[in-house]
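Subject: Structure for your review

Dear colleague,

Please find below the structure that I am handing over to you. My notes on the findings follow it.

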Amino acid sequence: MKSSDFLISTVKEAPNDAQIISHQLMIRAGLISKLASGLYSYLPIGLKIIQKVEKIVREEMNKSKALELLMPIAHPAELWQESKRWEEYGPELLRFKDRHDRDFCFGPTHEEVITNIAKQYLRSYKQLPINFYQIQTKFRDEIRPRFGVMRSREFIMKDAYSFHIDEKSLDETYKVMYQTYCNIFDRIGFNYRAVLADSGAIGGESSHEFHVLADSGEDAICFSDSSDFSANIERTETLPQGEPNAPSKNLELIETPGVKTIADVCNLLNVKPTSSIKTLIVESEDDSLIALVLRGDHELNEVKASKIQGIKQPLQMTDEEKVLKKLGCSFGSIGVVNLNIPIIVDYSAACMSDFVCGANEDDKHYIGVNWGRDTKDIIASDLRNVVSGDPSPDGKGKIEIKRGIEVGHIFQLGTKYSDSMNANVIGEDGRAVNMNMGCYGIGVTRIIAASIEQSHDDRGIIFPEAIAPFELVIVPINYNKSSRVQELANQLYQDCQEKNIDVLLDDRKERPGIMFADSELLGIPHRFVLSDTHADNGKIEYKSRKSSDKIEVDYKEAVSFILDQFD
């Protein structure tokens, strides 16, 4: 491709609403153009990158013997009502009516549609296992789209769905897809981790997320420093920590006027957050109240809490008006002494003694509180997010936490959708069997943003060769003025094309500095520079995007040299 035949639309400044580096650089490099909140057009160079990602995904999915199809983005409400997700999915599901006043939605995911297809065309266990995939646009009506394509409303996704006669078959395909995802992310060139994950709104039991490691990642992922254990923070368990010490202080009521937060209580009483507890109130299944208690320095893990028997799903924090009516105090003053509702205590808090808590009276707190002596019976449970240094759940080493960007997620769905939608086949014994399902997603457009977040510098993007818009750029100095430079550049361009090198010849009438800056902003991995001086000495200048060093190579050896540089 020659620049004169292409659209290079780089800009110097990113818009003010571009908060993270991938958003800034995708705008500045001319990969995307904002249409509306959470909606982006992909300009030619951005689309070129998408197509490279899709090619890798498609090749590896085909190797796994998955079958590609294409499903509509608009779904009739009846399918979602059949699966019970029309109400359950929430406001992210964009609903609309057609001209005949029939309810539809824009598909955020395609479990219902693919299950309906399987229900129509799969009749016998002899057709199983089978795995379908598509690369398709999705729409999720995010309440606050942000971070460019990292959390947009419309995005491109590869989603696959497998169907099985039993769990054993599902597990076998799940392992194949796990390896397929590793192959995809290895080919792209990511530094990534696969971690145990929660299935969320999709449903199912077994689940793994694939995270690109980046300091800017939204997700916290946890690793053992001494084993292969890895999981996202939602799935990382904490362990019971033994019994509390015997009480050494008497229970005492203290005036704490205007003090509500843990930080303020600790400052007033000159104690550490590790010596205090906080009590959160949530709704139960029968609309009564349940207390969740954590150590003052810990955070509630809502996924863990929502799975506790008796707690309303999805997890719902009680509003302050109801707390005031039922407990007689406002938020910040709730405690466990004389608290006549069920009390579920995190393992770390359950082993505390002589601690500080609210007194269930505004502007008052207790000190010297101890379980059993001063409280009703409690239930100890895993309620909190792990922190660095916690014991690893597998009993080997301690937990380390890094940031990650989720680019892929695989699930074992079981029969969640086949049960509700009556998708069955005739089994070997002649009886109808509801099929087991697997679900496997990759965020195609998110991969681009994740790659930028993981690899960039102050000059711009550093793309891996596999998904870079071009593998090589040729920058000829005075191309439009020097016939010698033009002849050499054109010949090198032709030679590279013959070797299937994805090359850009920058033949624009621009200053060298602009062409150099654009090639680095765009993240093109390799660069050749030609000038009259090089025409005189038979050399050509080479620079890798990953290095500041420049070297000269023989012009005649340039093509073989660049082929040797490719990963």
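Glu-59 and Lys-55 lie 4 residues apart in helix 2 (residues 44–63), so about one helical turn separates them. Helices (H or I, at least four residues) and strands (E, at least two) are DSSP runs, numbered from the N terminus. The two residues form a salt bridge, with their closest N and O atoms 2.6 Å apart; the term denotes a side-chain nitrogen of Lys or Arg within 4 Å of a carboxyl oxygen of Asp or Glu.

This is a predicted model, in which local features need pLDDT of at least 70 and side-chain atom pairs count only at pLDDT 80 or more, while totals for chains, interfaces and linings use all residues. Residues are numbered from 1 along each chain as its sequence is written, and side-chain values use heavy atoms, with hydrogens and water left out.

By the salt-bridge rule, the count comes to 39. Another of these pairs is Glu-60 with Arg-187, whose closest N and O atoms are 3.0 Å apart. This pair links distant parts of the chain, with Glu-60 in helix 2 and Arg-187 in helix 6 (residues 167–188), 127 residues apart. Glu-60 counts as buried because its relative accessibility is 5%, whereas Arg-187, at 34%, counts as partly exposed. Buried means under 20% relative accessible area, exposed over 50%, and partly exposed in between (1.4 Å probe, protein chains only).

Asp-390 forms a salt bridge with Arg-384, the closest N and O atoms being 2.9 Å apart. Asp-390 is buried at 10% relative accessibility, and Arg-384 is buried at 1%.

Helix 12 (residues 444–454) has 10 of its 11 residues buried, so it is largely enclosed by the rest of the structure. Among the buried residues are Arg-446 and Glu-453.

The domain assignment gives domain 1 (50–236 + 401–452), domain 2 (252–381) and domain 3 (470–565); such bounds come from an automatic or database domain assignment. The centres of domain 2 and domain 3, taken over C-alpha atoms, are 66 Å apart.

Helix 14 (512–521), strand 28 (526–530) and strand 29 (539–544) each supply at least two residues to the lining of the largest cavity. A cavity is a set of points, on a 1 Å grid over the protein atoms alone, where a 1.4 Å probe fits but cannot get out; lining residues have an atom within 4 Å of a point.

Yours sincerely
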